[in-house]
Every structure is written in C-alpha cells, then in structure tokens.
Amino acid sequence: MQQENEFTKWYLKTIQDAELMDYTPVRGCITFRPDGYEIWEHIQAAMDQRFKETGHRNAYFPMLIPESFFQKEKDHIEGFSPELPWVTEAAGEPLEERLALRPTSETMIGHLYSKWVKSYRDLPLLLNQWANVFRWEKKTLPFIRTSEFLWQEGHTAHENEEEARQETMQMLAIYKEVVENLLAIPVYDGTKTASERFAGAVDTFSIEAMMKDGKAVQAGTSHYLGTKFAEAFDIKYLNRNNEHHYVHTTSWGTSTRLIGSVIMVHGDEKGLVLPPKIAPTQVVLMPVGPFKKHPEILEKLEEIQQALKVKGIRVKLDDTDQTAGFKFNKWEQKGAALRVELGPRDYQNGQVIVKARDEEDKQTVNLAQLITVIEEELEVMQARLLTKARGFRDAHSHITIDSLAQLQQHIEATPIPGWILAGWCGSADCEQKVKEQTKFTTRNIPFDPPVQKTTCICCEQQAQHTVWFARAY
Ligand SMILES: [Zn+2]
C-alpha cells in the first residue's frame with residue numbers, strides 16, 4: 001500500500017471516517033464510538049468463551065495500585081515506572097502513599113493470591129480480568145498505542161513449572177486461533193528475546209502480525225513468570241507432603257490494539273474492510289433507482305431484513321434519501337461486509353445485486369436464494385480475507401537477507417521492507433546494533449520458522465536462533 005507516513009494518514013482518516021473513535025481533550029486517551037466498541041465486543045465474546053471453556057473465570061481487581069507494591073518486584077518497576085500515571089491526592093488531601101493507575105495487575109493480583117492460595121487444593125487458580133489499563137506513552141496512535149486502553153489480562157497460579165508453562169502455551173494458542181479465525185489475521189507465534197520480554201517474566205511468548213505498511217504489531221503475549229511474583233508477594237502453598245512451595249504464575253493479555261491491527265491489515269483506499277465475524281454491519285440493504293415510486297421495493301427489503309435478523313445476521317436497511325453513490329461510499333467507509341441493492345427493474349426480474357466489500361465484482365442473485373447466498377458469502381469472505389492477508393504477509397517476508405549491509409540495501413530499495421527472517425547469535429549488542437542502524441527489532445523467535453538460519457545477521461558468527469526482525473508499532 002502506501003509509504004509509512006501516508007499509511008498513518010490513511011489510517012487516521014479511515015478510523016475517523018468510519019466513526020470508530022474520536023479524540024478527547026486528554027492526550028492519548030480516545031473515545032470508542034459504538035462501531036469501534038462493537039468490534040471490541042465481538043473480539044471479547046470470542047476470547048471470553050474460550051477462556052471459560054478452558055476453566056478460567058472472570059474477576060475484577062482495583063485500578064489503583066499502591067506504590068509499595070511496585071517496589072516488590074525489581075524488574076517490574078524498572079520496566080513500568082517511566083509510564084506510570086500517579087494519583088497523589090484525594091478529597092483535597094495528599095495521600096500517605098501515592099497510587100498508580102494500573103499498567104497491568106500482577107502486583108495487585110499477587111497480593112490477593114498470597115491470601116487465597118494456601119494448599120495444593122487451591123491450585124490451579126485460573127482468573128481473567130477485563131479492564132482498562134494506563135501506560136503514559138510519549139507517541140500515541142489510536143487503538144495501537146494509547147495512554148489508556150482496554151484489555152484482558154489472565155493471571156494463573158500453578159503447583160509447578162510444567163503446568164504453568166502448559167498454561168502459557170495454551171493461552172498463546174487460543175490467541176492465535178482467535179486472531180486468525182475471527183480477525184482473519186495470520187500470525188507467527190514464537191518466543192520473545194530477553195530485551196523484548198515482559199518486565200518480570202522468565203519467558204514471554206507472542207503472536208506477531210504484519211500490517212499493510214509492512215510493520216509488525218505484537219497482537220498478544222503470554223508470559224511464564226516462574227516464581228518471581230510468588231517470591232515478591234509470598235504466594236506459597238502446602239504441597240501433598242506438607243512442604244511449603246512457591247507457586248508458578250503466568251499472565252497473558254490481548255488488547256484493543258487488535259482493533260487497530262484489523263484495520264491496518266484489511267483496510268483499503270475506500271475505508272474499512274472488516275472480517276464478517278466482527279463487522280458491526282454484515283449486510284447493508286439498499287434500495288436503488290426511483291424506489292420511492294415503488295413502495296414494493298422497500299417492503300421487499302424489510303422482509304429480507306427480517307429474514308436475515310432471524311438468522312442472527314447483523315443487517316441494516318439504508319432507506320435514507322441520499323444518492324446511491326453517497327450511500328455506497330458511506331457503507332464502504334464503515335466496512336459493511338456485503339451490500340445488497342434492489343431497484344425496480346431487478347425487482348421485476350425477481351433478482352438482487354450482491355457485492356462483497358473486498359471484491360470489485362457484483363453478482364446477480366435470485367431473490368428466492370438470497371438468504372442462503374448471503375450466509376455463504378459471509379463465510380467465503382471471512383476465509384478470503386485471511387488468504388489475502390497471508391498472501392500479503394508472505395510476499396513481504398524475506399528469508400534470504402543475511403547481513404546488515406544486505407538489510408540496509410533492501411530497506412533503501414523497497415518501499416515496504418516488510419519482515420526479514422535472520423539468524424541471531426543471541427547477543428544483546430547485535431540486537432541493539434540492528435535496531436540502531438535499521439529500526440528493525442526482533443519480533444520473535446518463531447516456533448515454526450520457514451527455514452533455519454545459521455549465521456548472525458549482525459556479527460555473522462554462528463547463529464543461536466532464527467528470528468523475525470521488523471519495524472514495529
Ligand atoms: Zn551476533
């Protein structure tokens with residue numbers, strides 16, 4: 001698609017034209033308008049169902065976290081303190097201890113788990129929270145990086161490392177399945193390098209998605225926290241031999257940046273293109289031509305609307321008096337998945353015109369078959385968007401760049417440099433050098449790389465890992 005700055009401009013215009021969000025006087029804090037929020041609700045419903053199927057329950061923890069909680073885990077406070085907003089007074093009085101607006105809830109939850117976990121019978125403890133969190137970002141981009149955002153954070157405690165690691169992987173797999181099947185976004189799952197790890201984690205795993213400008217978005221993360229938070233918050237249990245042990249904990253999260261990702265992966269020059277499973281409007285019905293003189297047209301469309309609603313399809317009938325061109329444009333901007341047009345002549349012939357948002361061609365459909373065709377087309381479009389996104393990603397993934405010089409050349413020669421799969425010796429210095437010289441950062445060490453690399457892209461010594469490198473949001 002477009003170059004980097006053009007792409008950002010396109011993105012900002014697209015989300016506003018589609019009325020997904022609006023800015024507020026608080027910098028970095030956006031409002032989710034109903035269509036934007038509804039996309040989140042569909043993501044939320046799919047995730048929540050899977051969390052519950054795998055034994056998790058939802059709970060809610062306070063948004064304000066005492067400063068002393070952050071001091072208990074050294075890496076955690078180092079990682080998060082630059083971004084924390086603080087509450088320092090209330091009711092006109094300074095607080096004895098300042099309170100952070102949570103950036104994530106390991107500390108508060110660690111405190112409570114230490115009260116709730118006493119014996120192996122209390123384990124595993126499998127909770128999730130749907131909440132808002134705050135990270136005071138210097139550079140913000142609606143949905144993708146904002147000072148306040150919505151997310152879910154799962155927090156679990158287990159008897160041993162093996163179970164905790166199984167949980168970490170299970171939740172990453174759920175994220176991958178939902179992002180691919182619901183959002184039609186292909187992702188690579190893998191391990192984060194130490195420098196990109198969650199502050200306080202032993203291991204962080206991620207799923208990474210490619211946007212249409214070739215940049216990466218970390219679409220979800222799952223962390224094995226070892227006993228670090230258990231030691232910091234004294235979460236101990238009595239095992240079957242009456243011995244005290246620290247629990248092994250995990251945490252995992254996905255956020256409203258998934259909304260931004262879905263727009264950046266599927267959108268086009270006309271506006272939003274949304275996978276039908278999350279589109280607030282799956283079908284828009286539109287009378288065309290001189291329909292005011294033919295009341296039977298609106299009657300027919302109302303009948304179709306009713307039949308689609310019965311099938312659970314999200315449908316809108318646009319019978320406003322604007323021109324057809326205006327309406328086409330409006331619903332394309334908003335990403336309605338299918339458009340059904342009905343004019344006097346087609347009505348007489350017992351047929352309608354159906355058009356999918358992501359395709360140029362229209363098809364003529366017999367009125368008697370319309371409902372079945374719509375159901376099929378929604379499924380076909382859902383699958384087609386994933387195929388298209390995978391095609392784009394694969395076309396912009398490069399696996400034959402093996403030195404920094406080659407990478408620099410590639411960046412200069414290619415409008416969308418995309419991702420590169422390269423070897424890495426494991427040294428933080430090499431990782432840093434690649435970042436400084438190219439702005440490419442390590443995304444993850446994929447579980448299932450297309451090829452294994454043998455030399456480090458930076459020092460050209462023996463590689464320890466095969467890594468995806470990319471510019472990232
Ligand atoms: Zn190296």
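The second largest cavity holds about 60 Å³ of space, and the largest cavity about 70 Å³, in what is a predicted model. Two cavities of 30 Å³ or more are counted, where a cavity is a set of points, on a 1 Å grid over the protein atoms alone, at which a 1.4 Å probe fits but cannot get out, and where lining residues have an atom within 4 Å of a point. The grid points are joined across faces, edges and corners, and a volume is the space filled by probe spheres set on them. Rolling a probe the size of a water molecule over the atoms shows where empty space is left.

Because this is a predicted model, local features need pLDDT of at least 70 and side-chain atom pairs count only at pLDDT 80 or more, whereas totals for chains, interfaces and linings use all residues. Residues are numbered from 1 along each chain as its sequence is written, and side-chain values use heavy atoms, with hydrogens and water left out.

**Second largest cavity**

- The lining of the second largest cavity is made up of Val-284, Phe-328, Trp-331, Glu-332, Ala-336, Ala-337, Arg-339, Lys-355, Ala-356 and Arg-357.
- Two elements, helix H10 (324-333) and strand E18 (351-356), each give two or more residues to this lining, with helices (H or I, at least four residues) and strands (E, at least two) taken as DSSP runs numbered from the N terminus.
- H10 gives the most to the lining of the second largest cavity, with three residues.
- By class, this lining has six nonpolar, no polar and four charged residues, where Ala, Val, Leu, Ile, Met, Phe, Trp, Tyr, Cys and Pro count as nonpolar, Asp, Glu, Lys and Arg as charged, and the others, Gly among them, as polar.

**Largest cavity and helix H5**

- Around the largest cavity stand Glu-106, Ile-109, Gly-110, Tyr-113, His-155, Thr-156, Leu-225, Phe-229, Ile-235, Thr-249 and Thr-250, and the elements giving two or more residues to this lining are helix H5 (106-116), E8 and strand E14 (248-255).
- The largest share of the lining of the largest cavity, four residues, comes from H5, and the lining as a whole divides into five nonpolar, five polar and one charged residue.
- Helix H5 is largely enclosed by the rest of the structure, because eight of its 11 residues are buried, buried meaning under 20% relative accessible area, exposed over 50% and partly exposed in between (1.4 Å probe, protein chains only).
- The buried residues of H5 are Glu-106, Thr-107, Met-108, Ile-109, Gly-110, Leu-112, Tyr-113 and Ser-114.

- Glu-148 is placed in strand E8 (residues 148-158), where it counts as partly exposed at 26% relative accessibility.
- Not counting residues up to four places away in sequence, Glu-148 touches Gly-28, Cys-29, Asn-132, Val-133 and Phe-134, a contact being heavy atoms within 4.5 Å.
- The side chains of Glu-148 and Asn-132 make a polar contact at 2.9 Å, that is, a pair of N or O atoms within 3.5 Å, of which, within protein, one must be able to donate a hydrogen and the other to accept it, while residues adjacent in sequence count only if both atoms are side-chain atoms.
- Glu-148 and Gln-452 lie 304 residues apart in sequence and 39 Å apart in space, C-alpha to C-alpha.
- Asp-48, in helix H2 (residues 34-53), is buried with a relative accessible area of 14%, and, leaving aside residues up to four places away in sequence, Asp-48 touches Asn-58, Asn-128 and Trp-130.

**Backbone features**

- Most residues other than glycine have a negative phi, and most peptide bonds are trans.
- A cis peptide bond, with omega about -5°, joins Leu-123 and Pro-124, and Pro-124 is in the loop between H5 and strand E7 (125-134).
- Ala-184, although not a glycine, has a positive phi of about 55°; Ala-184 lies in the loop between helix H6 (161-181) and strand E9 (188-191) and is buried, with a relative accessible area of 0%.
- Glu-460 also has a positive phi, near 60°, in the loop between strand E22 (441-446) and strand E23 (465-470), and Glu-460 is partly exposed, with a relative accessible area of 47%.

**Cysteines**

- A search of the whole structure finds zero disulfides, a disulfide being a pair of cysteine sulfur atoms within 2.5 Å.
- Cys-430 is buried, with a relative accessible area of 9%, and Cys-456 is buried, with a value of 0%.

How values were computed:
1 Å grid on protein atoms, 1.4 Å probe; cavity = no way out; pocket = protein on both sides within 12 Å on 5 of 7 lines; lining within 4 Å.
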